[in-house]
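Below is a short note on the fold as a whole and on one of its pockets. Please read the points against the structure shown here.

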Amino acid sequence: MTAIALLPELAARAEGVAHTRVPTCSCEVGGTLADRPDGTVVRHADTVAKAHAPDADTGELVRRLTLAAGLPDVFLPPLGPAPVDLHGRLVTFWPYGSPVDPDDPDAAPWEAVGALLALLHRTPVPESAPVMRGPLKAARAVAGLHAVGGHPAVAPVLDAWATLPAWARAEAPLPRPAALCHGDLHLGQLVRVPGASWRLIDVDDLGVGTPAWDLGRPAAWFACGLLAPREWGRFLDAYRAAGGPALDTAEDAWAVLDVPARALTVQTAARTVTKAVADGRPLDEVDHALVDACRRITAFPADLAYESTK
């Protein structure tokens, strides 16, 4: 089903669910929130409908929805226990939450992010939980570079990827001890519902994994100079204060976060280079910062002692 055909039908489904939730609906509020190959999201009033990736597995998505529904203090809960089928795409429904303002980085709720992650990572792991998909998403982003051709930024990203341990490239089991992990943590995965505090969204990668992975993207931003030391400190302090297990025995946080930070730097660089080439534009300042970070990764390989202990 093409994106053009998907959008109006997805919007109609969102409208139908919205009208069952409230007696009067603000039908003028809505629109497309995201439209990417791995997910299309639309809003109608206070209801959001998401069409998941075409290759999403029904059983795994149901298990992830069950996990999110059982953690209402961490995740925005879904509006149903299972996805519905829309021309072969799995669709889920959610209450709308206000996102972090991208134009006001100083207002980013780093303390809330750290506390939510710590609470998630401390949750007992159900036997039915699927595997966290973070490294798999990184591997897919890097694989997408092969279609880019001879762009000069491709080689530094691939070289950096080759220095990472097998688990970070989705080629070996994840290190232990395991915890429930979000799998794709960034500020865009945080929303606030009226009358409630911040909650995480997007369950597509939720599962059992290495908790340091969830701290890896803020760590990567800090290492690349895209996150100020003050905000980085606020995030780490909040995570530790809430009993986050990824750093509970680490005197040096970077000893734990180095490999995930490197892997997520490479993933983000791969995505930005691929998108820039697809858009026919030169790399911007942030793109160059990420590619330069990949060059540093290659020049100073990580300590690969933090391998899988399965």
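1. Contacts. Among contacts in the chain (heavy atoms within 4.5 Å) with a separation of 6 or more, 73% join residues 24 or more positions apart.

2. Basis. This is a predicted model, in which local features need pLDDT of at least 70, side-chain atom pairs count only at pLDDT 80 or more, and totals for chains, interfaces and linings use all residues. Residues are numbered from 1 along each chain as its sequence is written, and side-chain values use heavy atoms, with hydrogens and water left out.

3. Overall dimensions. The C-alpha trace spans about 60 × 45 × 40 Å along its principal axes. Of the 310 residues, 49% count as buried (under 20% relative accessible area, 1.4 Å probe, protein chains only).

4. Second largest pocket. A pocket here is an open set of points on a 1 Å grid over the protein atoms alone, where a 1.4 Å probe fits, with protein on both sides within 12 Å along at least five of seven lines; lining residues have an atom within 4 Å of a point. The lining of the second largest pocket has 16 residues, with Val131, Met132, Pro173, Leu174 and Val208 nearest the centre. Helix H4 (134–143) and strand E10 (207–209) each supply at least two lining residues (DSSP runs, H or I of at least four residues for helices and E of at least two for strands, numbered from the N terminus).

5. Pro165. This residue sits in the loop between helix H5 (154–162) and strand E7 (179–181). Pro165 is buried, at 2% relative accessible area. Its C-alpha atom is 20 Å from that of Cys224, 59 residues away along the chain.

Technical notes. Buried means under 20% relative accessible area, exposed over 50%, partly exposed in between (1.4 Å probe, protein chains only).
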